[in-house]
Amino acid sequence: MDNVKWKQLKLKDIIKKGKAGGTPKSSVKKYYNGNIPFLSINDMTKEGKYITYTEKTMSKLGLENSSAWIVPEKSLLYSIYASVGFVSINNIPLATSQAIFSIIFKDDIDLEFMYYHLTFYKKYIHKYIETGTQQNLKAETIKNFKIKIPPLEKQEKISKFLSSIDKYIQIHEQDLNNLKKYKKGLLQKMFI
């Protein structure tokens with residue numbers, strides 16, 4: 001058995017910066033179609049773990065006229081409105097809508113470890129979700145999530161192990177899809 005002690009902390013204890021984004025007025029066309037990637041929850045659900053592209057972009061003027069901010073690459077993105085609890089890591093600098101809480105962790109925290117930790121945590125967030133016109137989580141609620149964290153070296157081992165499982169799953173899903181296409185092709189040749 002591993003004797004490494006895990007610390008019980010609040011998420012705010014390991015965050016350098018955590019802040020939701022913002023959306024410029026959609027009626028002002030010059031706020032959009034610029035060179036700043038602008039992330040939505042839709043992008044997160046399409047791309048999954050790593051964000052490398054966004055459907056929409058905003059201009060510098062749009063950034064200046066909203067509460068959006070440039071989230072540096074290798075930050076954790078957490079959806080807090082409507083589809084609550086989706087987690088991604090951005091591989092590009094970007095801005096986000098107010099539906100996404102972006103987190104920059106302190107140096108002794110492994111980003112991949114926190115991705116898996118908060119992905120797992122999704123099962124338990126229902127008790128924190130507020131309902132009104134749509135489900136949402138407040139930033140303060142997220143910052144007060146209680147989490148257990150091992151030392152950095154252990155975090156890195158855990159995240160590498162889980163990432164290797166993800167890669168294995170991805171390869172086999174691809175193989176399964178190829179087999180399904182192959183079977184479909186065979187069926188078409190046999191019965192048409």
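In strand β8, Ala-95 is the bridge partner of Phe-38. The structure is a predicted model, in which local features need pLDDT of at least 70 and side-chain atom pairs count only at pLDDT 80 or more, while totals for chains, interfaces and linings use all residues. Residues are numbered from 1 along each chain as its sequence is written, and side-chain values use heavy atoms, with hydrogens and water left out.

Strand β3, residues 32-39, pairs with β8 in the parallel sense over two bridges; pairing requires at least two bridges found by DSSP. Strands (E, at least two residues) and helices (H or I, at least four) are DSSP runs numbered from the N terminus. On β5, Met-58 stands opposite Ile-36, and β3 and β5 run antiparallel, joined by four bridges. Together the three strands give an open, mixed sheet in the order β5-β3-β8. Because β5 (56-58) and β8 (95-96) each have a single partner strand, they stand at the edges, with one side of each left without a neighbour in the sheet.

Met-190 is exposed, at 57% relative accessible area (exposed means over 50%, buried under 20%, partly exposed in between; 1.4 Å probe, protein chains only).
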